[in-house]
Amino acid sequence: MPPPISTESVQKEGRMVLALEAFKQGHFTSFKAAARSYDVHWKTLSRRVRGQLPRRDTRPTNCKLTAVEELTLVQWILSMDQRGLAPRPDLVRQMANLLIAKQSNSNSNPNPKSLVGQR
């Protein structure tokens with residue numbers, strides 16, 4: 001779950017987008033000049049020009065389920081709830097581990113390190 005969005009981070013991201021557009025349109029000849037004008041870090045601006053997304057828009061590398069699998073799991077939980085059968089945490093964990101096992105396409109037990117643990 002991403003951290004809450006603060007007003008400061010929204011403003012900074014807005015300035016970054018403006019600096020990026022101004023640089024791409026040729027209003028500035030260097031990253032540093034554009035960054036100085038819009039009060040953003042020049043190295044971040046150069047990464048954005050090369051196509052790197054903001055951290056908030058990227059998926060963490062330590063996720064065990066894909067975005068589609070997470071969405072499927074949420075939909076399954078909601079459908080169970082609509083039927084009056086709210087799933088217990090151990091049942092949700094079991095379903096998540098089943099999805100992980102299907103990722104590996106093997107009939108054997110998945111690696112215990114790849115399973116969802118308890119919090």
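Student: Which side chain meets R59 in a salt bridge?

Tutor: Quick caveat first: this is a predicted model, where local features need pLDDT of at least 70, side-chain atom pairs count only at pLDDT 80 or more, and totals for chains, interfaces and linings use all residues. Residues are numbered from 1 along each chain as its sequence is written, and side-chain values use heavy atoms, with hydrogens and water left out. A salt bridge here is a side-chain nitrogen of Lys or Arg within 4 Å of a carboxyl oxygen of Asp or Glu. At 2.8 Å, N to O, the partner of R59 is E70.

Student: How many residues apart in sequence are R59 and E70?

Tutor: Helices are DSSP runs of H or I with at least four residues, numbered from the N terminus. R59 sits in the loop between α3 and α4 (67-82), while E70 belongs to helix α4, so their pairing ties together parts whose separation in sequence is 11 residues.

Student: Is R48 buried or exposed?

Tutor: R48 forms a salt bridge with E13, with the closest N and O atoms 2.9 Å apart. That pair links distant parts of the chain, since E13 is in helix α1 and R48 in helix α3, 35 residues apart. The scale is relative accessible area: under 20% is buried, over 50% exposed, and in between partly exposed (1.4 Å probe, protein chains only). E13, at 29%, is therefore partly exposed, whereas R48, at 15%, counts as buried.

Student: At roughly what angle do the axes of α1 and α2 cross?

Tutor: Two packed helices are described by the angle between their axes and the distance between the axes. The axes are lines fitted to C-alpha atoms over the stretch in contact, with angles from 0 to 180 degrees between N-to-C directions. For α1 (residues 7-24) and α2 (residues 31-38), the axes come within 9 Å and cross at roughly 140 degrees.

Student: Which residues in α2 does α1 meet?

Tutor: Contact means heavy atoms within 4.5 Å. On the α1 side, the residues are R15, L18, A19, A22 and F23; in α2 they meet F31, A34 and Y38.

Student: What is the phi of D39?

Tutor: Most residues other than glycine have a negative phi. D39 is found in the loop between α2 and α3 (42-49), and at 57% relative accessibility D39 counts as exposed. Although D39 is not a glycine, its phi is positive, at about 55 degrees.

Notes: Helices (H or I, at least four residues) and strands (E, at least two) are DSSP runs, numbered from the N terminus.
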